[in-house]
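Thanks for coming, everyone. Please have a look at the structure on the screen before I start.

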Amino acid sequence: MSLSESGKCIEVKQVTKAFGKKVVLNDVSLDVKRGEIFGLLGPSGSGKTTLVRLITGLDEPGSGSISVLGEQMPKLGILSRIGYMAQSDALYGELSAMENLQFFSSLYGLRGHLLKERIGEAAELVKLTDDLKKPVHEFSGGMKRRLSLATALTHHPEVLILDEPTVGIDPVLRKSVWKELDVLREKGVTILVTTHVMDEAEKCDRLAMIRDGKVIALGTPAQLKMDSGSETMEDAFVAYGGGQA
């Protein structure tokens, strides 16, 4: 079935992943629809980052299958259609913010006027326009997170995968980032975001609660709260057996 027929942008089917004897993901299945913000909610060590790496094709599952935009992963040719922001900032500290953006954008074939335009858009989005000439080693942790987000956006990806994107970012800018994610969704971008912050989970169209490598609940925030008889997302997470996120 094609992507347009299924309406599913990302499909994870019965995926298991182990490192040595440690099972990190255990029979995980979920799907992300085109043009939605889908959240992976869970505490550190729950398997969120491992799942994200499998979806982006940076690693392979031990069993099960993953498809993105109708293609089985990992597949090199699909990477140009994905924007990925890792949990750890992969930036060059000796280079300026502008030079980092130029380098990562060039990997996607951006050149000339288009490159300049896209960098300007991304820098404005993350409020770094006035800091583009500064070397990254002078940036705060929050500024590095914002620059990492910008590098994931310049090539206008169809799928945006963000691993804990707002860690270290102040509340005002965090609100601004989520506002822009809503704008991207309205433009048809599919967004997968990992978080352990309950109010961010509330902003997702749907989410999967993950604990100890297993999906313990899946649905809209409203559904999950209603089905668990909870008033808050945190109470719902505890009710489903998640403990404290």
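First, the ground rules. This is a predicted model, where local features need pLDDT of at least 70, side-chain atom pairs count only at pLDDT 80 or more, and totals for chains, interfaces and linings use all residues. Residues are numbered from 1 along each chain as its sequence is written, and side-chain values use heavy atoms, with hydrogens and water left out.

Now the whole chain. It has 9 helices and 10 strands. Those are DSSP runs, numbered from the N terminus: helices are H or I, at least four residues, and strands are E, at least two. The C-alpha atoms fill a box of roughly 50 × 40 × 40 Å along the principal axes. For 245 residues, a compact globule would have a radius of gyration near 18 Å, and the chain agrees, at 18 Å. That radius is taken over C-alpha atoms, and the globule rule is 2.2 Å times the number of residues to the power 0.38.

How much of the chain is buried? Of the 245 residues, 47% are. Buried means under 20% relative accessible area, exposed over 50%, and partly exposed in between, with a 1.4 Å probe and protein chains only.

Next, helix α4, residues 112–125. Its 14 residues should span 20 Å at 1.5 Å a residue, and its end C-alpha atoms are 20 Å apart, which agrees. The expected span is 1.5 Å times one less than the number of residues. Which residues of α4 are buried? L115, R118, I119, A122, A123 and L125. What do the buried residues of α4 pack against? They meet α3 (97–106), α5 and α6 (171–186). Contact here means heavy atoms within 4.5 Å. Just after α4, K127 takes a positive phi of about 60 degrees.

Last, the cores. A nonpolar core is a set of buried Ala, Val, Leu, Ile, Met, Phe, Trp, Tyr and Cys residues joined through side-chain atoms within 4.5 Å. The largest has 45 residues, and L160, L181 and M209 touch the most other members. Helix α5 (residues 141–153) gives the largest share, 6 residues. Apart from this core lies another, of 25 residues, including I10 and L30.
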